[in-house]
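Open the structure and follow along.

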Amino acid sequence: MSERIFLDTNILVYLFDHDSPEKQRLAREILAKYGPTGSLLLSTQVLQEFYVTVTKKLAVPLAVETAAQAVSDLAALPLIPIDSALILLAIRRSHMARLSFWDALIIEAALAGKATHLYSEDLQHHQQFDGLRVVNPFLSAAST
């Protein structure tokens with residue numbers, strides 16, 4: 001397993017966002033293609049953000065029980081725990097790279113999990129961080 005893909009929160013949210021059918025389809029394809037291979041990674045931060053977003057910020061929020069089941073299902077993927085060491089690394093990266101703390105924490109978790117790619121629409125497509133490549137899977141299939 002050479003390719004390891006860290007999923008940012010927005011990719012998971014689109015799994016349940018019926019207002020964005022094309023992004024929902026692409027997010028489901030990513031999960032179906034890479035989930036069974038063991039290539040996907042998440043962090044505890046991503047699971048927390050996912051739960052809050054799908055229960056509070058979607059046009060049609062998920063029921064608490066549905067969201068909790070989704071978190072439980074997603075937690076079966078390899079999970080990077082956010083600890084004090086990652087927080088301190090994220091503070092440093094946030095300052096040095098002029099990123100939000102939360103984006104820096106996502107990057108540090110992806111690096112800690114030895115991810116080769118970070119799938120996200122929040123960071124610049126093809127941007128690199130210490131060998132980690134950002135991919136926005138929603139731009140076009142040709143650019144991923």
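What follows goes through salt bridges one at a time and then turns to the patch.

## Ground rules

This is a predicted model, where local features need pLDDT of at least 70 and side-chain atom pairs count only at pLDDT 80 or more, while totals for chains, interfaces and linings use all residues. Residues are numbered from 1 along each chain as its sequence is written, and side-chain values use heavy atoms, with hydrogens and water left out.

Side chains of opposite charge can pair when their charged atoms come close. A salt bridge here is a side-chain nitrogen of Lys or Arg within 4 Å of a carboxyl oxygen of Asp or Glu. That rule gives 5 salt bridges.

Take Glu22 and Arg25 to begin with: their closest N and O atoms sit 2.4 Å apart. Both belong to helix 2 (residues 21–34), and because they are 3 residues apart there, about one helical turn separates them. Helices (H or I, at least four residues) and strands (E, at least two) are DSSP runs, numbered from the N terminus. Glu22 is partly exposed at 45% relative accessible area, and Arg25 is partly exposed too, at 37%. For these labels, buried means under 20% relative accessible area, exposed over 50%, and partly exposed in between (1.4 Å probe, protein chains only).

## Bridges across the chain

Lys23 pairs with Glu121 in a salt bridge, at 3.0 Å from N to O. This one links distant parts of the chain, since Lys23 is in helix 2 and Glu121 in the loop between strand 4 (117–119) and strand 5 (128–129), 98 residues apart. Lys23 is partly exposed at 27% relative accessibility; Glu121 is partly exposed at 25%.

Then there's Asp130 with Arg93, whose closest N and O atoms are 2.6 Å apart. Asp130 lies in the loop between strand 5 and strand 6 (132–135) and Arg93 in helix 5 (residues 84–97), so the bridge ties together parts 37 residues apart in sequence. Asp130 is exposed, at 62% relative accessible area, whereas Arg93 counts as buried at 14%. As for shared partners, salt bridges join Glu22, Arg25 and Glu29 into one network.

## A nonpolar patch

Which residues make the nonpolar surface patch of about 270 Å²? Ile87, Leu88 and Ile91 do. Patches take residues with over 30% relative accessible area and no salt bridge, joining like charges within 9 Å and nonpolar side chains (Val, Leu, Ile, Met, Phe, Trp, Tyr) within 5 Å. Accessible areas come from the Shrake-Rupley method with a 1.4 Å probe, and for residues only the protein chains shown count as cover.

Ile87 is in helix 5 and is partly exposed, with a relative accessible area of 33%.
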